[in-house]
Amino acid sequence: MSRLVKKYMRKRNRGKKDSPKENEKAGNRQAYEMEELEKMPVSDRLAENLDILKGVLGHNSDVVFRTFRIGLADRAEAVVVYVDGMIEKKIISAEIIKPLMLESRMAGMDCQKEQLLDLVENSGITASEVKSTAFMGDVIAGVLYGDAALLIDGLGTGLAIDVKGWQTRSIEEPPSEVLVRGPREGFTETLRTNITLIRRKLRSPDLFFRDIQVGRKTNTSVTIAYINGLADSSLVAEVISRISRIDIDGILESSYLEEFIEDSPYSPFPQILHTERPDKVAAALLEGRVAILTDGTPVALVAPAPFITFMQSPEDYYERYFLSTAIRWVRYTAFVISLVLPSLYIAITTFHQEMIPTRLLISLAAAREGVPFPALVEALLMEFTFEALREAGIRLPRAVGQAVSIVGALVIGQAAIQANIVSPLMVIVVAVTGIASFMNPAFNIALTMRLLRFPMMLLAGTLGLFGVMTGILAILIHLAGLRSFGVPYMDSISPFHPGDMKDVAIRAPWWAMDRRPADISSKNRRRQSSGLKPAPPDPGGNKG
Amino acid sequence: MMENGKISSKQVTWMMISFLLGSSILLIPSAVASSAKQDAWVSMLISIVAGQAVIYNFASLSMMFPGKTFVQYSREILGKYLGMLAGLIMTWFSLHLGSLVVRNFGDFLSATVLQHTPMIVPDSIIVILVAMGTRMGVEVLARVNKLIIPFMILLILIIFALGIPEMEFKRILPVMENGVRPVIAGSLVVIGFPYAETVLFTMIIPFLNSPGKGRKALVTGGLAGGALLFFIVLRTLLVLGPATTVRLWFPVLETVRMIDIFNIIQRIESIVIIAWIFLGFMKISVCFYSFVLGLAQLLNLKDYRPLVLPAGVLMLALSQLVYENYVEETYFASQIWFPYAMVPGLILPLTMLAVAVIRGLGGKKTEK
């Protein structure tokens, strides 16, 4: 915390030096620089402390100062400072004010000023989490994160009492990652809740959470989760150093972090997996990966994320493995289709008509007879319409959204063909491509495919199959050179790890997937003892 | 260090297979059959064995100097000036070979799918891709290769299987009709192209993560690649017969064109063209990588990457200038290439091996 506050203040000071006059003007509102506050000790005299606090926070309508006299040490004056709405008022009144004001008096406790701190902290306040600090900066930071600050006259120490309690969304199933079978809970916007959701799945002392504060203005808590002993310590250190490097005014979503910490910022391919599912995060942690949780967003990041992790859905592991294997292959095929199908159609109908079987060619020629455009223009037109419909469908309210789909189906599907603007086959191609791109469990890599489809179509329209293949080759070269936190992006496939094929080429049954991915957890690869394959009991000890 | 990447011995094996298939997959059948006629498949068997000797020779030399490229250890063995000359020969050979493959590439595409497009267009696209891959280092080249090669081998096997209905065994009879001489002549062609060309791997195996396995990896790749070439030649002969095979420029393409399954899968030769784009890319990449790395080491540069762009332009320009027409190309390939390629492919490494053994150089003694 303190390091970040310092950084924040350094930047502020730099700005202030440039415009001293402005500083003076603002002086009334904020009498103290944060740098001073950081080093400024909590004063013995309450009035002094209050002056400072009111100077920094007093202009805010949601900051409450509650002054009272405690029943100890000659009725010393005390003040509780908190931000209304971020705290649980009942706790403040019942656990802080009531014991100090009334119960201490009734219990007949009294003391000298020297014993006051000990008595208040250990015998007075009944709230569960109390931190004492000697610096004003910590007091203010605590107040802004939902603590109640308690300052007592005659004490050179401030107490930050955890009374956090704000309105949160309840735990729901994430709408973008719905499963038929599997847990139905998803992350929320509150960091603590999310950490709890993971902790409840992995009840191991090896599960580590490390906190970093990012954002000069937002002071967002970012938590790095990993399993000690499974995640490479160098990987954890790398993640921490990449996040600590960030110096930005605010982190509002984990995508801010993602763009700061990925390996190749110019790549269209996502190099970090994101998910709202605690079970997916827990599975990743068990493979030796590192999860990054950001306060204020339900989206957690998982790294390293080679290409193949974007193809795997948690449901693969919850359904029977035959089915999961088959579905995986459908998914791989759909992935390729979503990239190349329109460009293949353009290339073949424009340059390589000989590849089309004669009968199909005749019907294709008949269908395209009245269409005035070349296949490339036709495809671009349809793809653009499809993308527009898709985008409109997301933005519009649900009731209007249906109207859009009717317009899309009727106008685009039917009228465009009857008006001879596009051929029926083109509509099929675009529709199949669209469905294929929805099959991907990771939304961000499907977006990449959507984007790359257009240059591929242009290549196909100019150079035919040769163009398509050079496009694929260029993508493959790019993928072969890409890395996700040092792990090759095409890991398991190239460099090839035969053991990983159990979770790439097929989804092997759990009793056969006895090792973790080779390049993710190189130290500790075994995840179960061997010979766990189930078998019916031996009847009566007879062999055969 | 000029190249930070490390590749595994398996990756080298796969690269060797791609390199051998590279341009040979389309050109070899007619080249071998032109002298060996229906016995071209026997020539292939002979040349696979002889080709391993070529590979074994230069691999042994490289094994004596682990972690060093041909250009680096040639100076150690032959002294400053002669060594420089040897390195220069190897570097020139890689540039020349790369240009020839680029040219083959352009010729082939102009003759088949891009008839109305100037040859420089596909050639420059492929050189750009090669330069892009080479800039990223040998590690990336090895990985790209590994992503592609399984599909290529699968494709070759599928095409072999689909050709079975067209095959007739009487087309390769009688065996050894004209004696041994034409068969040997045919096998020499294959030793020169592609086996002698594999000497460029002396620029790649120094980056193995386990240097001791280099020779085994190369020989394995040589055998596997040779076996695939053998099947391609055999298939072409069985489907077309020797006379047609010799007459056609790209007989493999013709055999694929003949595939017709239920009137639905037909005229799929474009897929072979695609395969050739991938394999040709790998072969040109190995040549190009050897060229820029060799040049950088000759000039004592710290990094080869600044050379990539000018070297790419150079290779592209040379590929356009190297032949006047296709007849010249065929003449060069059939008459001149074998002795020409043998100099860096066999004679130079053999001489250097002898000198190294006599002078007692090298960290590891070779067997024998």
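This is a predicted model: local features need pLDDT of at least 70, side-chain atom pairs count only at pLDDT 80 or more; totals for chains, interfaces and linings use all residues.
Local features need pLDDT of at least 70 and side-chain atom pairs count only at pLDDT 80 or more, while totals for chains, interfaces and linings use all residues. Residues are numbered from 1 along each chain as its sequence is written, and chains are lettered from A and ligands numbered from 1 in the order in which they are written.

Let's start with chain A. Chain A holds 18 helices and twelve strands; these are DSSP runs numbered from the N terminus, with helices being H or I of at least four residues and strands E of at least two. Its C-alpha trace spans about 105 × 80 × 45 Å along the principal axes. The radius of gyration of chain A is 31 Å, whereas a compact globule of 544 residues would come out near 24 Å; that radius is taken over C-alpha atoms, and the globule rule is 2.2 Å times the number of residues to the power 0.38.

How much of chain A is buried? Buried residues make up 37% of its 544 residues. By buried I mean 20 or more other C-beta atoms within 10 Å of the residue's own; exposed is 12 or fewer, partly exposed is in between, and C-beta atoms are placed from the backbone.

For a local example, look at helix H7 of chain A, residues 136-144. Eight of its nine residues are buried, among them A:Met136, A:Asp138 and A:Ile140. After that helix comes A:Gly146, with a positive phi near 90°.

Now the domains. Chain A divides into domain 1 (2-162), domain 2 (191-305) and domain 3 (317-488), with bounds from an automatic or database domain assignment. The C-alpha centres of domain 2 and domain 3 of chain A are 34 Å apart. Their contact takes 15 residues from domain 2 of chain A and 14 residues from domain 3 of chain A, where contact means C-beta atoms, placed from the backbone, within 7 Å. On the domain 2 side, helix H9 (233-244) and strand S8 (273-275) of chain A each give two or more residues. That side has nine nonpolar, four polar and two charged residues. Here Ala, Val, Leu, Ile, Met, Phe, Trp, Tyr, Cys and Pro count as nonpolar, Asp, Glu, Lys and Arg as charged, and the others, Gly among them, as polar.

On to the cores. A nonpolar core is a set of buried Ala, Val, Leu, Ile, Met, Phe, Trp, Tyr and Cys residues joined through C-beta atoms within 7 Å. The largest has 206 residues, and those touching the most other members include A:Ala291, A:Val468, B:Phe278 and B:Val292. Helix H11 of chain B (residues 269-298) provides the largest share, 20 residues. Why does this core lie between domain 2 and domain 3 of chain A? Because both of them give residues to the core. A second, separate core of 36 residues includes A:Ile52 and A:Tyr82.

Last, the two chains together. Their contact takes 27 residues from chain B and 23 residues from chain A. Helices H6 (120-135), H7 (138-162) and H11 of chain B each supply at least two residues of the chain B side, which has 19 nonpolar, five polar and three charged residues.

Is B:Ala161 buried or exposed? B:Ala161 is exposed, because 11 other C-beta atoms lie within 10 Å.

Definitions and conventions. Two residues are in contact if their C-beta atoms, placed from the backbone, lie within 7 Å.
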